[in-house]
Amino acid sequence: MNKKRDKKKFSRQNIRLRNLDADDLDAFYMEEIHEEKRATKKAPEKGQQTLKSDVQLVKARVLEVLTNHVAIVELDGKPLPCTISGRLKNLNFETRNLVFAGDWVHVDRSQDSRIEEILPRGNSLSRFSEEEFQKEIVVAANIDQVVITCSWTQPELRLGLLDRYLCSAGIADIDAVICVNKIDLAGSLDEVRDTFEYYEQSGYPVYLTSAEKRIGIEELRGLLIGKQTVFSGHSGVGKTSLINLLHPDYDALVSDISESTGKGRHTTTRTCLIPFTFGGYLVDTPGIKTFALHRNDQNVLPHVFPGFARFAVGCRFNDCTHTHEKECGVREAVERGDIPQSRYESYLRIMESL
Ligand code: GDP
Ligand code: ZN
């Protein structure tokens with residue numbers, strides 16, 4: 001790693017985030033109020049309005065959606081508050097929150113800054129509401145990877161929980177990486193490697209780190225460059241400590257953004273993209289440390305459970321649940337010992353819990 005070059009980028013990044021002015025935002029909130037009034041006067045037919053011809057569209061990335069009408073995008077390396085086109089809102093009448101953090105959008109710069117188009121999404125990260133119908137709430141779009149962090153101990157390692165996280169990532173079609181932190185507390189590294197051997201064999205990259213002893217940090221940073229990454233994992237495993245090491249100015253950057261938007265970081269549940277100084281983004285989702293499985297996921301679980309896919313090719317039925325069916329490649333692999341019994345039991349527990 002070239003530390004000098006990193007430092008230089010750092011300072012530029014700080015300027016970036018400080019460029020957002022609270023006054024600018026006030027103007028946009030006012031615009032929002034006017035828009036609301038206009039909207040109540042005349043609600044055009046869904047899908048009728050098309051983009052006017054004199055627009056100057058530029059491509060930008062959404063860093064944060066402040067309200068249904070205002071979002072912050074990153075344009076030329078600077079945060080820029082934008083309104084969200086009323087035309088878009090009418091086109092997407094049903095989806096209240098139609099622009100998400102992480103979205104690529106086209107912004108019209110010809111008059112003010114207005115988001116006019118949302119570019120097709122690769123994927124999106126959702127959580128589900130608590131009520132009975134479990135409404136899907138998208139928290140961010142276009143996620144490249146999730147770093148699922150666990151700790152070797154303190155809190156105690158729970159592979160069953162890791163399996164759940166990996167299943168969620170699989171269902172959302174997001175690449176998952178495993179980070180085992182607090183390896184300074186392990187008796188031997190071989191023991192750690194043995195414990196995670198099955199996951200490595202199943203195709204998940206496994207990073208061993210210690211935030212305390214600063215082990216494996218450079219390797220982890222290398223993984224984040226140019227990507228849009230979510231850190232997830234049980235509280236207390238060391239996510240904050242790792243992020244602070246990966247990005248020493250992280251806290252300062254977050255409070256800069258909070259100040260500029262006039263809202264405290266700790267009181268919000270909005271997702272926010274934090275640009276890494278070395279390129280790439282941290283997708284910060286306060287309030288969502290886990291992403292829960294949905295009861296409909298029971299159908300996909302047999303396909304996404306860690307390490308099952310390569311054995312499921314031997315299942316007689318495409319929709320094999322690997323529980324009672326004849327000629328099940330997964331159960332045969334369990335019998336041979338290719339899938340550890342403990343992982344198979346974990347699978348059954350997750351299935352049952354849905
Ligand atoms: P988070 O809840 O996942 O964000 O976890 P934190 O970063 O707040 O860390 C929780 C606790 O674990 C803190 O007391 C940290 O000092 C400690 N901790 C974090 N990383 C390590 C590590 O690598 N080794 C040890 N021994 N402790 C760590
Ligand atoms: Zn099967």
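Phe-276 sits in the loop between strand 12 (272-275) and strand 13 (281-284); here helices (H or I, at least four residues) and strands (E, at least two) are DSSP runs, numbered from the N terminus. This is a predicted model, in which local features need pLDDT of at least 70 and side-chain atom pairs count only at pLDDT 80 or more, while totals for chains, interfaces and linings use all residues. Residues are numbered from 1 along each chain as its sequence is written, chains are lettered from A and ligands numbered from 1 in the order in which they are written, and side-chain values use heavy atoms, with hydrogens and water left out.

Back at Phe-276, the relative accessible area is 3%, so the residue is buried (buried means under 20% relative accessible area, exposed over 50%, partly exposed in between, with a 1.4 Å probe and protein chains only). His-247 belongs to the loop between helix 8 and helix 9 (250-261), and its relative accessibility of 0% is why it counts as buried.

Helix 8 leads us to ligand 1. Residues 239-246 of this helix give the largest share of the shell around ligand 1, namely 3 residues. In total 15 residues surround ligand 1, and the closest are Asp-184, Ala-211, Gly-236, Thr-240 and Ser-241; a residue is near a molecule or strand if one of its heavy atoms lies within 4 Å of it. Sorted by class, the shell holds 3 nonpolar, 8 polar and 4 charged residues (Ala, Val, Leu, Ile, Met, Phe, Trp, Tyr, Cys and Pro count as nonpolar, Asp, Glu, Lys and Arg as charged, and the others, Gly among them, as polar).

Now for the individual atoms. The side chain of Asp-184 places an N or O atom 2.8 Å from a nitrogen atom of ligand 1, and a polar side-chain atom of Asn-181 is 3.1 Å from a nitrogen atom of the ligand. From the backbone, an N or O atom of Ala-211 lies 2.7 Å from an oxygen atom of ligand 1. Taken alone, ligand 1 exposes 580 Å², of which the protein buries 69% (areas by the Shrake-Rupley method with a 1.4 Å probe; for residues, only the protein chains shown count as cover).

The backbone has some points to look at too. Most residues other than glycine have a negative phi, and most peptide bonds are trans. Lys-182 has a positive phi near 65° and lies in the loop between strand 9 (175-181) and helix 5 (189-195). Arg-214 also has a positive phi, about 55°. With a relative accessible area of 19%, Lys-182 is buried, whereas Arg-214, at 62%, counts as exposed. A cis peptide bond joins Gln-154 and Pro-155, with omega about -5°.

Finally, turn to the zinc ion (ligand 2). Its protein donors are Cys-315 (SG), Cys-320 (SG), His-322 (ND1) and Cys-328 (SG), 2.2 to 2.4 Å away (donors are N, O and S atoms within 2.8 Å of the metal, or 3.2 Å for Na, K and Ca; water is not among the atoms, so sites may look incomplete). Along the chain these donors follow the spacing C-x4-C-x1-H-x5-C. His-322 is buried at 2% relative accessibility, and Cys-328 is buried at 3%.

Terms used. A polar contact is a pair of N or O atoms within 3.5 Å; within protein, one must be able to donate a hydrogen and the other to accept it, and residues adjacent in sequence count only if both atoms are side-chain atoms.
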